[in-house]
Amino acid sequence: MMDDSGKSDRPVVPTKPLNKGSVVSATESAETVEGRGLAKGNLLEQNTSRIQDRGFVSSALERIRLKARADKKFRFTNLMHNIYSEKALLKAFEAVKKQAAAGIDEVSWHDYEGNLSNNLRDLSKRLRCGGYRAKPVRRVFIPKADGRQRPLGIPTLEDKIVQKATAEVMNAIYETDFLGFSYGYRPGRSQHNALDAVYTGILTKKVNWVLDGDIRSFFDRLDHEWLMKFIEHRITDQRVLRLIRKWLRAGVLEGGIWKSSEEGTPQGGSISPLLANIFLHYVFDLWAHAWRKSCVGRDVIVVRYADDFVVGFDSQKDARRFRQDLEERLKKFGLELHPEKTRVIEFGPWAARNRARRCEEKPETFNFLGFTHICARKHGNGMFTVQRKTMRERMRGKLRELKTEMRRRMCVPVGDQGKWLRRVILGLDRYFGVPGNWTALQQYRHEIAWLWWRSLRRRGNRRKLSWDKMQALMGMWFPMIQIYHPYPLVRMGVITQGKSRMR
């Protein structure tokens, strides 16, 4: 029912905190209370306010979310009007970073804002009438910690806007489907949530072996046809499907030369992380959950962040069988495990003792999301813990970048250099500031100070700058190292109210 103002008097469906599932049971999850369902009919358009405002945009997405949660097999046929709405496009425009690099049309955020109303009106009309055309992405390369380069695709601003609006609608559907151990590029989830899940799983479950895995060149080899088949499990609106195909086939512009894209999705697009999650949801997540359900009575933990994942097992036999089965599974979809980054290692509370009995060296370590995970013992009571330290390769790579940037800024005033380095240290500290990593961060701070000292001594008459004076500059500009993150067991307990999010 609606009143004269056009607003629905239907009671608001209550919500409650995430995940009431357990580690083993991935199906027992209740991110929100379903409440009373909507009436039969056109569920996505009924009770629609004639006044298109942001409240309506949010309520429309909420109706999509509720229907997706209530019926896991429902296929959405009428979503496009939620994308080409001027209010939805405005919301997406405001979500685009103002300082983001421009695409091949060289239109920046501020350029577009100069005539925003007309630009969004024209974009909405083209989307509604089928006149929208996706442009190729601009290909750039960013250095990786291991010395290699990662390709990055920069779409045009209008493509970013439409992709964000589309991702907002699709997220309302797929966030009800994605499993709890998937953490990459999802609303309300971060890299530290994934790190906490790994730590908590190893300490609270029977984990003696770990598969540290990575899918080789996943974003470059993602199969378009399989991806569209997976999307059609939930979305059959042909206009939305055509939009996604346009972005996949737009190609890349590298060095002024256009190259077609028969496979893969460029990293850098607003829609790419969601498409990657959808692909891996069907290829990896659902399969891995079904696989571990077959291991009755044995613990198997799974944590995935994009194409990186960690799987913990009770026995070596299970770990090796999982890897072999996973290789066969990925091969069906044109993917493969990275041979150098995928390893089965002995890791857990009894790993050190078991290896000592066999006269073997200390347990191996594994890397995940920038941290090296190490089997360790607490100083006070000697109980097992997982120590997390900044990856040495990541630290060296960052120091090389800083050294190059300091040379470029050599003639910049000392105060401006200090402000810049302060932001650098704060950013690194806020990500890597986890319990047990204080020493590595302190060393990192010292290395940055040494690089800055060498750079300042090369400036004209500053060659006599002593280390004592340098320490005074450090005290003025460098923040002290802090541990910003709590222990994972504490934070995981607060987020899940004592229940694990690895459903």
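A close look at packing

A: Leaving aside residues up to four places away in sequence, isoleucine 231 touches Tyr174, Leu241, Ile244, Leu275 and Ile278, where contact means heavy atoms within 4.5 Å. The model is predicted, with local features needing pLDDT of at least 70 and side-chain atom pairs pLDDT 80 or more, while totals for chains, interfaces and linings use all residues. Numbering runs from 1 along each chain as its sequence is written, and side-chain values use heavy atoms, without hydrogens or water.

Ile231 belongs, with Ile278 and Phe322, to the residues that have the most contacts inside the largest nonpolar core, a set of 76 residues (buried Ala, Val, Leu, Ile, Met, Phe, Trp, Tyr and Cys joined through side-chain atoms within 4.5 Å). Helix α10, residues 272-293, gives the most to this core, contributing 12 residues.

For the chain as a whole, 49% of the 503 residues count as buried (under 20% relative accessible area, with exposed over 50% and partly exposed in between, using a 1.4 Å probe and protein chains only). The chain has 17 helices and 11 strands (DSSP runs numbered from the N terminus, H or I of at least four residues and E of at least two). Among contacts between residues at least 6 apart in sequence, 71% join residues at least 24 apart.
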